[in-house]
Amino acid sequence: MIPDMPTETSTSIVVLFGAACALLIVATIAGEILRYRLARHGSHPTVETYVTRLHSWWGLVFLLAIALLVGRSGVILLFAFASFAALREFLTLTRKTKADHWALIAAFYVVFPVQYLLVWMGADGLFSIFVPVYAFLILPILSVIRGDGRDFLSRVSETQWGLMICVFCASHIPALVTLDIEGSTGRSVLLIAFLVLVVQLGDLAEYYTGRRFGKKRLASDLSPKTREGVFYGTLAATGLGLLLFWITPFTPWAAALIALIIYLIGVGGSLVLSAIKHDRGVKSWGHLIPGQGGFVDQMDSVVFAAPVFFHLTRYFYGA
Amino acid sequence: MRRILANIAGQLLALFAQFITAPRADWRGIEPTARQRIYFANHTSNADLPIVWTVLPPALRRVTRPVAAADYWLKTKARAFIGPEVFRAILIDRRSEHQTEDPIAKIVAALDEGASIIIFPEGGRNRSDDPLLPFKAGLYNIAKARPEIDLVPTWIDNIASVMPSGEVIPVPLGCTVVFGSPLHVTEGESKDAFLTRSAAALTALMPMRDPGQEAAS
């Protein structure tokens, strides 16, 4: 634990971690009971997927808790690693030619580390514009001087969209620790817990209620998300936001409203990234998180919600 | 001592490849079991060999030797360490005037010692827009010499974007190595028929992509 983290902040993290573990224990016991009951009929694919996913969730909860307790450098390292893996998954599926080699090298070895370095330095003026201004203008120049005009616009814009999602948006999750909030110093690391818990638990509620009660699809065949699922997801996310108001600088009602906004943006982000998968004819972005697919599959909603959450908080609560 | 060093270098190389491209093995036609095999793969990049090497489970990696070009791997001291010592490559000189022994006999001798082999039957890196160059006769001659050993088509996907030929720095993109169903040379099959059939088995493993990306890569 770093000295500049107040004990009440670390206590809050431990309390949240305990609550997440309690939820996971209940879910794990339920999974094992289901598995035992169904064992007579052989293994059941839905239950097996559920159990694999739970194992991944255990890992993610532990990683996030450790990163939050370490503080600034912990969360920046954790999300930088996730960002790198996500960018790799994204750019694997984009259009490119040999002429884009330098642009891709610059994306991985310059843009990505510089963005996280700027976040680590707390240079919020720069990290909000570095990707959309400098990276977006310079990378196409690197591609054009290699002189290959085939599919130029799609190649350039697909690389940029990858950087936008996997580096720019994703870096706004750890960037929350750099926020100076009026009247609550050293607690901004908890904003990350708020964002991740609200959006991901909303997603989980949507997923399981959608499977049970879902009738009408939100975006026809692009995504299995249903109106009914998203309705229950919204209830869960808003309710959880209200419950967690004490870890944020928000009043209870503001916490509920912000939770509602970030959850809905997250749902939208998840739909958008499903559409891209659909376009590229793949089922998941990668294979590194057992049961979930890739890092982009795991983070899609949180990544979309992060910049909005960051700027809402900074605008209304920033010192 | 050198053996240990080569071992460590091999582990480091696999670790580096895993970090850069997180390569995935798709065991579509075979299981990763300890069985003697001849893996034949497409060749577009210098990173092909390290990638196949990396996705093989360590137990298989230890008994698998690549067939590689002596004129490439003996050029510098570093290459002479990595090729013959780390990969334990069976070095074949592609320039016939330099050949001191029959390359096929050398490969068959390695098979008779129980090794599995990795071979790139196009005989060099493919820089064309076609997915595969026509296969050289070597694969047929080896298959004919040891017809009982499984020939496993091995498609290496996306490596050309990781490290296009002529580039030195790899871009960290995901790679997949697809292992297809084994095939054998059949009784009385001609060289051309066999080479066409094995090339078709390899291209059949190529993942489907949208036309735009096909044109671009």
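**Close-up views of a predicted model**

**View 1. Strand β7 of chain B and its neighbours.** Strand β6 (residues 150-157) of chain B runs antiparallel to β7(B), and 4 bridges join them. Strands here are DSSP runs (E, at least two residues) and helices are DSSP runs (H or I, at least four residues), numbered from the N terminus; two strands pair if DSSP finds at least two bridges between them. In this pairing B:W155 stands opposite B:V178. Strand β1 (residues 24-27) of chain B runs parallel to β7(B), also with 4 bridges, and B:A25 stands opposite B:V177. This is a predicted model: local features need pLDDT of at least 70, side-chain atom pairs count only at pLDDT 80 or more, and totals for chains, interfaces and linings use all residues. Residues are numbered from 1 along each chain as its sequence is written, and chains are lettered from A and ligands numbered from 1 in the order in which they are written.

**View 2. The two faces of β7(B).** From strand β7 (residues 176-179) of chain B, B:T176 and B:V178 point one way, and B:V177 and B:F179 the other way.

**View 3. The contact between chain B and chain A.** Chain B gives 17 residues to this contact and chain A gives 21 residues (C-beta atoms, placed from the backbone, within 7 Å). Helix α10 (residues 211-216) of chain B supplies the largest share of the chain B side, 4 residues.

Notes. A residue is buried if 20 or more other C-beta atoms lie within 10 Å of its own, exposed if 12 or fewer, and partly exposed in between; C-beta atoms are placed from the backbone. Two residues are in contact if their C-beta atoms, placed from the backbone, lie within 7 Å.
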